Amino acid sequence: MTDHTSAIPERLQALHERIESARLRAGTPQPVTLIAVSKRQPLEAVRAAVAAGQRVFGENYVQEGVEKCAQIADPDLCWHHIGPIQSNKCRDIASAFDWAQGVDRSRIIQRLGAARQAQSTPLSVCIQVNVSGEASKSGAAPEAVEGLCTAVLDQPGLQLRGLMAIPAPRTAGGDPERDFAALRVLYERLRDGGLPLDTLSMGMSDDFEAAIAAGATMVRVGSALFGPRPQG
Ligand SMILES: *Cc1c(COP(=O)(O)O)cnc(C)c1O
């Protein structure tokens, strides 16, 4: 192990402890899933996390994710695509990943569904919601989310799982706590309305405890596990 990877087992253990105590404080009955966000991290960092017991990984860039999945080729791992989705990348996402979390428009739902139909297991989907308004460009408007969820249900190749958001940071004039609370309210409303949702994906290295306090069932953590991302 190099210096870059030697801290990973300890950091992973510390993250599990912080996640579990935040979950207990929040009273969340289901386990909170930790996605290890390995974007721009070398393969050896992913391998070190796997050796330490981590099974769920998140990648933003399709080509990088496709290559890592193929090189590691471990059927026990679960790969989440968590970045913005271009329509010409839907086929690659549907063939290499287990989840797509950046889904925010119907054209993408159609394309992912068509591309995944050939496979035996559906692609799990989270709708990305823009809960920060003007301060953020990615994600569907909250009032469009119910229709997008229904469009996912219409695709046999897709399985609707939940909602995802990346609140605008405080440094950009955002209010992450307000946005986490807003996403939770939307999630509960859709569930109460009968949509089969089991995943609320929110919170990153700097704010995952606040997200769990607001009801997150999945957090996406990169730098707090792997250290700073290499540039490039
Ligand atoms: C990069 C990224 C993360 C992880 O960010 P950290 O601050 O390194 O934890 C989480 N979610 C998404 C969508 C990302 O792009």
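Arg40 is partly exposed, at a relative accessible area of 27%, where partly exposed denotes the range between buried, under 20% relative accessible area, and exposed, over 50%, computed with a 1.4 Å probe on protein chains only. Arg40 belongs to the loop between β1 (33-37) and α3 (43-51), with helices (H or I, at least four residues) and strands (E, at least two) taken as DSSP runs numbered from the N terminus. Although Arg40 is not a glycine, its phi is positive, at about 65 degrees.

Ala73, likewise not a glycine, has a positive phi of about 40 degrees, and is placed in the loop between α4 (62-72) and β3. With a relative accessibility of 57%, Ala73 counts as exposed.

## Basis of the model

The model is predicted, so that local features need pLDDT of at least 70 and side-chain atom pairs count only at pLDDT 80 or more, while totals for chains, interfaces and linings use all residues. Residues are numbered from 1 along each chain as its sequence is written, and side-chain values use heavy atoms, with hydrogens and water left out.

## Ligand site

The ligand is surrounded by residues that include Val37, Lys39, Asn60, Met204, Ser205, Arg220, Gly222 and Arg229, each having a heavy atom within 4 Å of it. The side chain of Ser205 places an N or O atom 2.5 Å from an oxygen atom of the ligand, and the side chain of Arg220 has an N or O atom 2.9 Å from a ligand nitrogen atom. For Gly222, it is a backbone N or O atom that lies 2.8 Å from an oxygen atom of the ligand. Taken alone, the ligand exposes 390 Å², of which the protein buries 91%, these areas coming from the Shrake-Rupley method with a 1.4 Å probe.

Ile127 is part of strand β5 (residues 123-128) and is buried, its relative accessible area being 0%. Leaving aside residues up to four places away in sequence, Ile127 touches residues including Gln101, Val103, Ile109, Leu148, Cys149 and Met164, a contact meaning heavy atoms within 4.5 Å. Ile127 and Ser201 are 74 residues apart in sequence, and their C-alpha atoms are 9.7 Å apart in space.

Ser87, in the loop between β3 (78-81) and α5 (90-96), also counts as buried, at 18% relative accessibility. Apart from residues up to four places away in sequence, Ser87 touches Arg105, Arg107, Ile108 and Arg111.

Methods: Polar contact = N/O pair within 3.5 Å; in protein donor to acceptor, adjacent residues only side chain to side chain.
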